[in-house]
Amino acid sequence: MTKRLLLVLYLVSATFLAAQLAAPDDEERTISFAEGQWDAAQWTPLRLPLHEEVQTFVQRSDCLGTDSFTQEQKEQHLDNVLLMTDSGTDEGEFEVVFRIGPEHGTAPGVFLSPTYTGDALETGIAVFVADYTMAVWMVKTDPETRETQYDHLVRLARWQDPGIQHVLRCRYSNARKMVALQIDDSDVVILRLPEHEINSRIGIWGCHGTCDYYSLTIRPGGTLPWSGTPPE
């Protein structure tokens, strides 16, 4: 076998291996946020553009969380903690197991399809869950003032007990330009976002008060329905 042929075979094999490594995982996987159970190297902390530095989640024995924020932090909008990962697909679903803290206004949430500069969030879709609602916002950054702006898309009038764990499910599709959401056993809420490019990045977002995140499950494709079906 000539050296030239060996080189060609090596390059083909290397290209195939790189493609395999870059391909999204096609199996469901669950990440536990318990101490020592998750890989911080796979996650990127983000900040809102006017923050001088990123805020970080607190590692507890069985979860990641936030502590109470001071009134000064709230007034300066420093009561936001963001942590992002890459799901590997723009046609997928994830679900987060979390708990809402007891302070009024606490709103743990998730974000989808963010764009960012350095460690500063520029745009994205944010879903926050308080005890009285699930609310969805389009997040964007004013290019001149660098202030974060929130366009309210939809909200669900529903009570969530802050004393127990909840499950937020989110399915997203760049091909459909759609997002499907469900909190616990609620009806599925569908949003169509024709002008938004949905990417593969997702994250958790602690906001306004104490909250805890226990796990995050990623599944390519997804299970939440895009439309209703007749009962069997």
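Is Tyr 150 buried, exposed or partly exposed? In this predicted model, Tyr 150 is partly exposed, because its relative accessible area is 32% and that value falls between the 20% limit for buried and the 50% limit for exposed.

Let's follow the aromatic rings from here. The model holds 9 aromatic pairs. One of them joins Trp 38 and Trp 43, whose ring centres are 6.4 Å apart. Trp 43 itself is buried, with a relative accessible area of 6%.

Now back to Tyr 150, which forms an aromatic pair with Trp 137. This pair is edge-to-face too, with 6.3 Å from centre to centre and 85° between the planes. The two partners are 13 residues apart, and their pair links distant parts of the chain. Look for Trp 137 in strand β9 (residues 133-141) and for Tyr 150 in strand β10 (residues 148-157). Trp 137 is partly exposed, as its relative accessibility is 25%. Both residues also belong to one aromatic cluster, together with Phe 111, Phe 128 and Trp 205.

For a last stop, find Thr 66 in strand β4 (residues 64-66). What is its surroundings like? Thr 66 counts as buried, because its relative accessibility is 2%, and buried means under 20%. Leaving aside residues up to four places away in sequence, Thr 66 touches Phe 57, Arg 60, Val 81, Gly 206, Gly 209, Thr 210 and Cys 211.

How values were computed: Residues numbered from 1 in each chain as written. Predicted model: local features only at pLDDT ≥ 70, side-chain atom pairs only at ≥ 80, totals over all residues. Heavy atoms only, no water. Phe/Tyr/Trp six-rings, centres within 6.5 Å; stacked < 30°, edge-to-face > 60°. Buried < 20%, exposed > 50% of the residue type's maximum accessible area, 1.4 Å probe, protein only. Helix = DSSP H or I, 4+ residues; strand = E, 2+ residues; numbered from the N terminus. Contact = heavy atoms within 4.5 Å.
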